[in-house]
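Please read the following briefing alongside the sequence and the structure, which are shown first.

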Amino acid sequence: MADLLLTGLSGLTAFKNVLTTTGHNITNATTEGYSRQKVSLETQTPQFSGSGYVGSGVFTSSITRQYDSFLSTEFRNSNSAASELDTYYEFASQIDSVLANPTVGLSGALQEFFNSIQDVAADPTSIPARQVMLSEGEALENRFSTMDNLFDDMTLRVNNRLADTVTDINLLSENIASLNQKIVDASGKGQTPNDLLDQRDNLIDQLASKVNVSTSVQTDGAVNVFVGSGQSLVLGPRSNQLGLESAGFDASALTIVFKEQTANVDITRFMTGGEMGGIVRFRDEVLNPSINTLGQIAVSLSQTFNEQHTNGVDLNGDQGQSFFTEPSVLIASDTSNTGSLTVNYAADISGLTTSDYVLTTDGTNYTITRLSDKTQTTIVESTSGTPPSTSYAITRPDGATETTAGSITVDGLEIDLSATAAGDEYRIRPTRDGASSFSLQTSDPRDIAIGMPVISTESASNSGTAGLNKLNVSAYSGAPLADVSLVYNDTTPSAYDITIGGVSSGSSVAYTASTDSGASYNVAVAGFGDISFTLTGQPNNGDSFTLSDNAGASYSVGDNRNALALSGLQTKQTMSDGNANYQDVYGQIVADVGRRTKSAAVNGAAQQGFLNQAIAAKDAVSGVNLDEEAANLVRFQQAYQAASQVVLTSRTIFDTLLGAFR
Amino acid sequence: MNRMSTSLAHQQGINSILQQQTKVNNTQQQISLGKRILNPSDDPAGSVQLLDLNQALSRLEQFQANNDYAVNRLSTSESTLQSVTSNLQRVRELAVQGFNDVNTPTDKKSIAEEMYQRLDEILALANTKDANGDYLYAGFKTQTKPFTGTSASGLYTYQGDQSQRFLEIGEDRSLADGNSGAEVFFNLQDKNGNPEDIFSTLYALANDLSSNKAPAEEMAFTINGGLTDTETLTINGLTYEFDNNGSVGSTVVDGVTVPNIIVDISDIPGVPAIPLTSDEIATNLAAAIGNTDVTVSVTGNELQLLAGAEGEGGLSFTDGTTAGDITVTEQISIPLYDHLDQIDTALGRILDVRSQIGARLNALDSQDETNQDFILSLEQTKSQIADIDIAEAISRFNFQIVSLQAAQQAYVKVQNLSLFNLL
């Protein structure tokens, strides 16, 4: 009956394996990435006897992990997407909570600033009121810089996070490669190295939560991992590295590169999924547009406000200077450039966009690409005549063509191409620095220019009902105005004859009360500027008005007309091609960031649901259920005890046999 | 059979507790701040609406501040002009009273003295400053004293300009917060269209009174002859017609047809016979005029006319005869009537300005109401968008707390269920 002993022993060995595996399952119940293992028992080959095949016990054929590669892939994809949305939301919600915050956001400061101008309008000579306006201007500057600092901080954190993620990815790749080696070695022995496989899967899961990867399993058991547009992160036992590089135009703009021996490949735009995808998408969709839009508001505000301010006269009777610092266009030159490019903001900057532009040239052909929508303006330079003069034939993105000799105006920018050289490449960033360089230039409250340089006087002997109203000055040079008199002459066609500085100008403004009352007129005075006004009523022959200088020693300090014009800018549609005011544009970014944050939150919740389902499905196969293991423990303990009884029985039989021969 | 891994069961229990906690926390924040929108992402469209509403509200509040400011300035102006009006009226009374012949030259001097005082007072009123120390009637030159001159020199000048300051009191609505001194006191015109100002007028009046000028207008004219039938002269509204045949025309005065007064130019009245001499015609004319309040005296062919000592009639003379028939030899205007005219013009101007101010104050009042209505309705809209419905939030909060408790209890119960506990 030696068979019985062996059979019993085979049971003991097999059940010990099962119990050990159950113990392994129990102790790894909370180990991340662990797949429940199962022992497969098979009957041993029976022994043939005359009466048939006698069973000879059990043996452990294999220990396998409970694993479904389809469910695993689904989990990995869901995890990658959820991690992308989480990271995106994590960053976006920080900007979201700041934008509409009344103590940090721009909106409140804009309102306070413009209200303070109205207070000055109500009491133009009050130094305290002017001081308040300066303080509010400073507060506005602070808001811009606070928000800009916040965005800078976010840029820094984005970059740090990118660096961390790249390090993680590289580390994970190395580990996966080394596990690949171990698995290939271990698989050679015919059985699967379950725990190594679990570890590797877990590392790939972690990698997928950093960035979207695709995998392919090799016949030797190794897994190749690909990233981006097919770059091989892990190839068998070898791994490659990702890296970060600064973009040439901006040290703080990092690109993600795949390191190769010859040259690094920029794969930033292929970075989807995972933390990396979330960060890159946040940077492209929220952070950079926010920085540029804030810059756009800063540039538009300082340009339009300065323009109006320099058309005014301050409390000392001097021409107004720039109220805010004049913004300048940021241009990044390629290091290989040999020429130079000059770009200024156009007088009418309502066309300014938040996009960056790239200008390339071969010397005669120029291409200006707007990066936001990749539309191109092409320019062909030609030189002709004696002396030679240069002209530019421009083709706009919409197909319209024009020719100009001087600067080229594109989207509120004046681009001077004359000093560029063949092969040059420039990146024009009109709004990037707007918010950070926004600052108050005026420091003396007396320097706020809220008067207008022209004042009108009606002759005391006017006998008609004529009126001259709504005086306005533009393109003010600061030079004194020689008296401009308008004398009505009723000889048909009736008109006001214009005399400038006592000398007849030879020109006149046609005015017929019945048809022209209320119409506005413009008189350009050489060396001074353009004066516009409206004429009303019925004048009698010889009735006159005098437009005289309102600056210098004779300045009328109670004048508030420019203050009204300045405060009017608050609601004037000076942006987005004349369709939006400052607040509107700010509202657009608040709404945009709000919508994107909201959609990240909503999609994130939905994705979390998918992820939970994927986890549940995966765990249904691979997860450890302690009750089940407890039951197994009981069951196989009993089986083990039973097998021991078999051994005992075999001994008893053997003893009985021995006893029979005693 | 569906298996459930123990760690997943555990994790799901924890997850549901965490979820409930987040909800409770969010609702708690909403309740404690009273706000429905904590971040723009809670309601992007609503957040932008809130920004716009806040801007509109902030502008309206500024308009209200401007409105108050304009009301202050205009009210100051109104009460100043009220004082100016009563001063002018007093001067007018003094003028009428002072030129009465019963006054001795000394009396007139002392009445003139009061006029000077009134003039100084009106000058001081014209130089009134508002609460901010700005001159009310200086146009834009608010820091320059607008009217200079004294009753010693009698030379008055305006140092301000003709500008009016406007303030925004509503969207697309601005309104002048005052009137320039030129408009109120200075750029007046006398009946002949010559520039005048209140101060010079009063000064001249007081001077004339003080120097005992006669209050009347006087003139003289000679009749040269050559007068023909139906030619007329109009003196103080009465028409005198030279006549040689007894048939007389008429003149419409104030809508009433009045027959002309006959002055015979032939020796037999009503019959075109021998013409009279110029001296005789002058005598006839003087006789006809003698029935009115115009004093007339005749010397040969010259008539001297003197307007009545009292009343406001003045002396008007219109020559309707052929040129050369009559020559005016002397015309002296002693300007009581002119003065009174000009005081009336000034009073009329100030009344105009005051009614403008009244109209503006009314406009400000109604704009104030409009703005307040707007503010109220904007606040309501804002509240609907931003504020939380407390009743709804509290009940949601309670429900969430109950759910959290349920999740916690369920977790504890489920975690106790382990087969190991029973082994």
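In the hairpin of β3(B) and β4(B), where two residues lie between the strands, B:Asp172 takes a positive phi near 55 degrees; strands here are DSSP runs of E of at least two residues, helices are runs of H or I of at least four residues, and both are numbered from the N terminus. This is a predicted model, in which local features need pLDDT of at least 70 and side-chain atom pairs count only at pLDDT 80 or more, while totals for chains, interfaces and linings use all residues. Residues are numbered from 1 along each chain as its sequence is written, and chains are lettered from A and ligands numbered from 1 in the order in which they are written.

**Hairpins of chain B**

- The strands β3(B) and β4 (residues 173–176) of chain B run antiparallel and are joined by four bridges, two strands being paired if DSSP finds at least two bridges between them.
- Within this pair, B:Leu167 has B:Leu175 in β4(B) as its bridge partner.
- Strand β10 (residues 250–253) of chain B and strand β11 (residues 256–259) of chain B also run antiparallel, with four bridges joining them, and B:Thr251 has B:Val258 in β11(B) as its bridge partner.
- The hairpin of β10(B) and β11(B) has two residues between the strands, and in it B:Asp254 takes a positive phi near 50 degrees.

**Overall form of chain B**

- Chain B has nine helices and 16 strands.
- Its radius of gyration is 44 Å, well over the 22 Å that the globule rule gives for 423 residues, so chain B is more spread out than a compact globule; the radius is taken over C-alpha atoms, and the rule is 2.2 Å times the number of residues to the power 0.38.
- Along its principal axes, the C-alpha trace of chain B spans about 165 × 50 × 30 Å.
- Of the 423 residues of chain B, 30% are buried, where buried stands for 20 or more other C-beta atoms within 10 Å of the residue's own, exposed for 12 or fewer, and partly exposed for values in between, with C-beta atoms placed from the backbone.
- The domain assignment gives chain B domain 1 (16–34 + 400–423), domain 2 (54–213 + 338–372) and domain 3 (218–333), with bounds that come from an automatic or database assignment.
- The centres of domain 2 of chain B and domain 3 of chain B, taken over C-alpha atoms, are separated by 44 Å.

**Overall form of chain A**

- Chain A has ten helices and 29 strands.
- With a radius of gyration of 41 Å, well over the 26 Å that the globule rule gives for 662 residues, chain A is more spread out than a compact globule.
- The C-alpha trace of chain A spans about 160 × 60 × 45 Å along its principal axes, and buried residues make up 41% of the 662 residues.
- Chain A is divided into domain 1 (2–66 + 626–660), domain 2 (72–291 + 582–614), domain 3 (328–429) and domain 4 (454–549).
- The C-alpha centres of domain 1 of chain A and domain 2 of chain A lie 54 Å apart, and nine residues from each of these domains take part in the contact, which requires C-beta atoms, placed from the backbone, to lie within 7 Å.

**Where the chains meet**

- The contact between the chains involves 44 residues of chain B and 50 residues of chain A.
- On the side of chain B that touches chain A, the elements giving two or more residues are α1 (6–33), α2 (44–98), β3 (166–170) and α9 (419–422) of chain B, and α2(B) gives the most, with twelve residues.
- By class, that side of chain B has 16 nonpolar, 21 polar and seven charged residues; Ala, Val, Leu, Ile, Met, Phe, Trp, Tyr, Cys and Pro count as nonpolar, Asp, Glu, Lys and Arg as charged, and the others, Gly among them, as polar.

**Nonpolar cores**

- The largest nonpolar core has 133 residues, and A:Val590 is one of those that touch the most other members; such a core is a set of buried Ala, Val, Leu, Ile, Met, Phe, Trp, Tyr and Cys residues joined through C-beta atoms within 7 Å.
- Helix α4 (residues 127–187) of chain A gives the largest share of this core, 15 residues.
- Apart from this core lies another, of 34 residues, including B:Phe99 and B:Leu119.

Key: Two residues are in contact if their C-beta atoms, placed from the backbone, lie within 7 Å.
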